[in-house]
Amino acid sequence: MTLQHYLLVSAALFALGVLGLLTRRNAVNVLMGIELILNSANLNLVAFSRYGTGNLEGQLFAVFVVVIAAAEVAVALAIVLTLYRLRRTPNLDEADILKG
Amino acid sequence: MTPPVVDVLPAIPALILAVTGLAVLLAQAFTPRGQAAPGAPFSLAGLLAALVAVYLLAARGGGDLGGTYVVDAFSLYFHALIIGVGLVVVLLSPSYLRATGIDRGEYYTLVLFSLVGMLGLVSCRELVSLFVSLEVMSVALYALAGLHRARPESQEAALKYFITGAFSSGFLLYGIALLYGASGSTSLVAVGAALRTPGPATAALATMGTGLLLVGFGFKVASVPFHMWAPDVYEGAPTTITALMSAGVKAAAFGALLRVFGQALPALAASWQPAVAALAVVTMVVGNLGALAQSNLKRMLAYSSVAHAGYLLAAVVAAPGIGVEAVLFYLVAYAAVNLGGFGALAALARQGREPLSLDDVAGLASRRPALAAALAVYLISLTGVPVSAGFVGKFFLFRAAVNAGWTSLAVIGVLMSVVSAYYYLRVVVAMYMREPLGEDAWAPVPPSAGLALGLSAAVVLALGVHPEPVLTWARLAARSLL
Amino acid sequence: MLPPYVPILILGGAALSFALITLLASSLLGKPRPTPAKSAIYECGVPAVGTARERFPIKFYLVCMIFILLDVDAAFLYPWALIFRELGMFGFIEMLVFVGLLGGGFVYAWKTGALDW
């Protein structure tokens with residue numbers, strides 16, 4: 001295992017996350033895409049910290065990102081739920097009142 | 001190992017706001033169900049205390065919290081601006097919240113928390129704390145955008161804001177990770193030093209990282225092509241929150257952008273300057289053309305906010321140097337104008353409705369002469385007519401672009417300002433030249449909102465007539481960034 | 001002389017094989033002949049009201065999210081505890097501030113009834 005392996009996996013995760021975000025209709029799936037993006041960056045941070053830079057800042061950063069991701073998802077789920085209560089759908093393309 | 005010596009004083013203003021926010025939250029928890037805690041007085045007291053703390057910090061010459069959170073002239077300038085924005089928003093809020101039925105203490109808590117994030121965003125000299133600040137600001141704003149739980153528009157705005165916001169945070173984080181990999185540090189100064197002598201591999205990583213950072217910041221400041229969320233979110237969010245977003249978030253995001261690109265990435269200027277210039281051009285053009293097509297005033301102001309991100313980016317290209325001070329000055333003028341514009345709409349809200357179309361504001365000058373005059377001042381300043389803050393600000397922005405050799409940017413900016421006159425002045429014409437339609441459906445201007453609007457109008461006029469004090473301060477702040 | 005833990009291992013093996021042999025024997029020797037009386041709830045069991053793959057009431061989401069948030073924030077306590085002595089008084093006060101902010105949020109959740117069901 002070298003740094004390159006980790007970077008490749010991370011890039012693949014990032015691409016999957018972006019793909020999920022752009023193609024999925026269900027809001028919960030989109031949230032999963034966002035999690036994938038954040039965690040791909042996390043993987044990068046930890047891999048750089050272990051193989052590249054030789055300091056621990058990256059690993060420390062990863063802990064912060066995990067906590068922030070949890071807070072983000074808590075707020076996001078609350079929003080998805082209230083929207084679901086009002087519109088009875090978790091699908092993003094049906095949230096289309098605002099346009100122009 | 002000896003315990004680190006840490007100077008905690010620089011964090012005091014942010015701490016005051018955080019503790020005030022928590023106090024409001026707990027006050028709401030201990031208030032009987034269905035009643036609102038007195039959030040506005042609490043928040044005003046906290047904001048004023050934070051302002052005093054900023055003044056004392058300035059008198060002390062700033063400070064440095066372990067190299068991560070730095071209060072220099074640059075962040076002091078933004079501290080004053082952001083706390084000022086917070087004061088105006090809190091003054092505008094009580095009447096609007098009552099008129100729309102969302103009067104809850106949590107509103108003020110979230111506003112204060114988002115202000116804490118903004119303060120951090122302009123003060124962090126290290127990428128971990130920068131990212132944490134960004135998220136503190138953003139998460140609070142996602143919740144605020146969706147505060148109106150019974151209105152589908154508000155929920156939709158919150159969801160769209162969250163998805164684009166989280167998307168952009170992801171890009172930003174990935175870019176930060178690549179920069180960390182390229183330089184081996186998360187401190188902006190160390191990153192800057194490491195990138196001055198890059199190897200071939202690190203150069204590639206750093207360029208990719210810079211690109212991703214630019215995309216992330218592009219979303220946050222609402223520059224084209226990353227602007228599509230702005231009109232929807234600005235329209236659907238509670239109007240006072242729209243004011244906070246357009247004034248506060250834009251200022252904080254530009255502050256962070258200037259600091260990161262100025263301190264960590266000057267070595268890569270040759271690769272990011274053309275990209276920023278391209279963003280500036282499309283943002284100015286698309287923002288202004290988009291605003292032309294709008295009939296909803298909130299959406300029109302949203303596109304205008306996109307367009308202004310373009311004018312500001314034109315001067316960012318010219319940074320460091322005269323560009324930074326031009327951006328700093330314009331952010332104050334722009335914040336005052338947007339707080340006033342959205343604030344005027346919010347002040348008229350009654351029973352969940354607020355003026356949103358040209359018909360709604362027709363003949364406003366005869367019914368609310370003072371408010372109409374203030375709104376006219378803001379719109380004239382947005383256009384950039386002389387003797388307003390907008391004119392002076394745009395003059396410095398475009399002069400910075402010309403001095404840095406980007407004359408074409410300035411030319412496009414001026415042309416687009418001329419185009420913008422059409423949609424701004426259309427509102428003024430409706431207020432002054434048309435007869436009012438139907439009954440007077442709007443609320444009388446509440447005293448606290450009147451104070452906030454008067455304050456904004458005074459700032460706009462004062463900066464237009466006598467810009468030197470703020471300009472001197474902006475110059476001082478810009479110098480501390482170098 | 002056996003090592004001291006071998007008897008326990010033998011006991012465990014015997015218990016496991018007894019259970020396995022019983023299950024195996026009953027499936028080999030007997031044929032399942034279900035009757036309504038046999039499939040009825042045994043003794044004081046409660047009649048089933050649906051499948052286990054039921055959707056959960058939404059209020060559990062709230063409790064779950066509050067748990068996750070507080071739990072994830074505890075991640076910061078471990079590195080802090082590791083260098084607690086080196087950090088000295090400053091680290092202690094800083095952690096008090098952090099836990100105080102979290103605690104404030106928790107009190108809010110508690111008082112507003114987010115934890116009730």
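Start with chains A and B: 37 residues of chain A and 34 residues of chain B make up the contact, where two residues are in contact if their C-beta atoms, placed from the backbone, lie within 7 Å. On the chain B side, helices H5 (127–145), H6 (152–183) and H9 (229–236) each supply at least two residues. Helices here are DSSP runs of H or I with at least four residues, numbered from the N terminus. H6(B) gives the most to that side, 18 residues. By class, the side of chain B that touches chain A has 18 nonpolar, 9 polar and 7 charged residues. Nonpolar means Ala, Val, Leu, Ile, Met, Phe, Trp, Tyr, Cys and Pro; charged means Asp, Glu, Lys and Arg; the others, Gly among them, are polar.

This is a predicted model, in which local features need pLDDT of at least 70 and side-chain atom pairs count only at pLDDT 80 or more, while totals for chains, interfaces and linings use all residues. Residues are numbered from 1 along each chain as its sequence is written, and chains are lettered from A and ligands numbered from 1 in the order in which they are written.

Now the helix pair. The axes of H3(A), residues 57–87, and H5(B) come within 10 Å and cross at roughly 5°. Axes are lines fitted to C-alpha atoms, for helices over the stretch in contact, with angles from 0 to 180 degrees between N-to-C directions. H3(A) is therefore roughly parallel to H5(B), a label for angles under 35 degrees. Among the residues in this contact are Phe61(A), Phe64(A) and Glu72(A) from H3(A), and Val132(B), Glu135(B) and Tyr142(B) from H5(B). The classes are 12 nonpolar, no polar and 2 charged residues.

Last, chains B and C: the contact takes 9 residues from chain B and 10 residues from chain C. The chain B side has 9 nonpolar, no polar and no charged residues.

Terms used
Angles under 35 degrees count as roughly parallel, over 145 as roughly antiparallel, 65 to 115 as roughly perpendicular and the rest as oblique.
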